[in-house]
Amino acid sequence: MNIQTALLQGTKLFEDERIGAPRLTAEVLLAYALHRDRTYLYSHPEHELSEIEWLHYGRHLHERLNGKPTQYITRTQEFYGRPFHVTPDVLIPRPETEHVIEVALALGKGARRFLDVGCGSGAIAITLQLETGAEVCGTDISLAALKTAAGNAARLGAQVGLVACDLESAIADQSIDVLVSNPPYVPSAELAGLSREIRDHEPHCALTSGPTGFEIYERLIASAPRVLRPHGQLILELGYNSSDRVRELLGRDFENIQLTSDLAGIPRVVSCQLLH
């Protein structure tokens, strides 16, 4: 079987099972099986797959048909132009989270120290360190997630401090200029309604914080003033329809509250400044 035929078969399988982006998914999985980039598929359509290449490709097709996200199969997701290693221990970085980076870079000019709470794969923390050159720390309660983040930092050449703790509990008082976080915000009752790719494969602790989905927002907003320096910045990713409640929580200790929307016009990031 050559590349052209393999792609046609993979695309047809995904189309029949209504897998999103069937042709692209088949290309990504075949390129991964061949240890080549996707351009090779177009320049060498006559390439005959070896037995081991076909076995790998077939396994990847099977995994995807059973709902495993492509990123967990290839163990890679691009974020802000860089390849990040991802495992089922961490949330797959989303394109909308890049808005957090954009807001942090705009508001954090000249900042000496950033903190990413719940860093997961390290996508936010590592990107901020590489883009700013500032001191950046990431925290997570999951040791497995921190191991993934450490590997990504090493591969991408980022100097990021990683700390195992609950939220920012191990961080010194008034030591942070900019605190960023993409907290879990899906109400637990809504997990069952998520796509199987998310529901059955991504870590639930990174998706939901409890019945309302605001539990981590409440705790983080209440404790952030302890670690932020005077007039420090707090930047949070927002869940769908969460902006009103989060703004209400921020009103006690923060000012200059601003919302940033994604390309669909949905409020995706809230930024604010410590009052004192």
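**Sheet, helices and cores**

Strands β8 and β9 are joined by six bridges and run antiparallel. Two strands count as paired if DSSP finds at least two bridges between them; helices (H or I, at least four residues) and strands (E, at least two) are DSSP runs, numbered from the N terminus. This is a predicted model, in which local features need pLDDT of at least 70 and side-chain atom pairs count only at pLDDT 80 or more, while totals for chains, interfaces and linings use all residues. Residues are numbered from 1 along each chain as its sequence is written, and side-chain values use heavy atoms, with hydrogens and water left out.

Seven of the eight residues of β9 are buried, buried meaning under 20% relative accessible area, exposed over 50% and partly exposed in between (1.4 Å probe, protein chains only).

Gln273 lies in β9. Its side chain makes a polar contact with the side chain of Asn256 at 2.8 Å. A polar contact is a pair of N or O atoms within 3.5 Å; within protein, one must be able to donate a hydrogen and the other to accept it, and residues adjacent in sequence count only if both atoms are side-chain atoms.

These strands belong to an open sheet of seven strands with mixed pairing, in the order β5-β4-β3-β6-β7-β9-β8. Strands β5 and β8 stand at the edges with a single partner strand each, so one side of each has no neighbour in the sheet. The twist averages 20° from one strand to the next. Strands β3 and β4 run parallel and are joined by five bridges; Arg113 has Glu135 in β4 as its bridge partner.

Helix α7 (residues 123–132) packs on the sheet, touching β3, β4, β5 and β6, and its direction makes about 165° with that of β3. Helix α8 (residues 143–156) also packs on the sheet, where it touches β4 and β5, and its direction makes about 170° with that of β5. Contact means heavy atoms within 4.5 Å; axes are lines fitted to C-alpha atoms, for helices over the stretch in contact, and angles run from 0 to 180 degrees between N-to-C directions.

Which residues of helix α11 (243–250) are buried? They are Ser243, Val246, Leu249 and Leu250. These cover an arc of only 125° around the axis, which puts them on the same side of α11; the arc is that of the directions from the helix axis to the C-beta atoms. The face turned away from the buried side carries the exposed residues Asp244 and Glu248. The cover over the buried residues of α11 includes α10, β7, β8 and β9.

The largest nonpolar core has 25 residues, of which Leu179, Ile221, Leu234 and Phe254 touch the most other members. A nonpolar core is a set of buried Ala, Val, Leu, Ile, Met, Phe, Trp, Tyr and Cys residues joined through side-chain atoms within 4.5 Å. Two or more residues each come from β3, β6, α10, β7, α11 and β9, and α10 gives the largest share, six residues.
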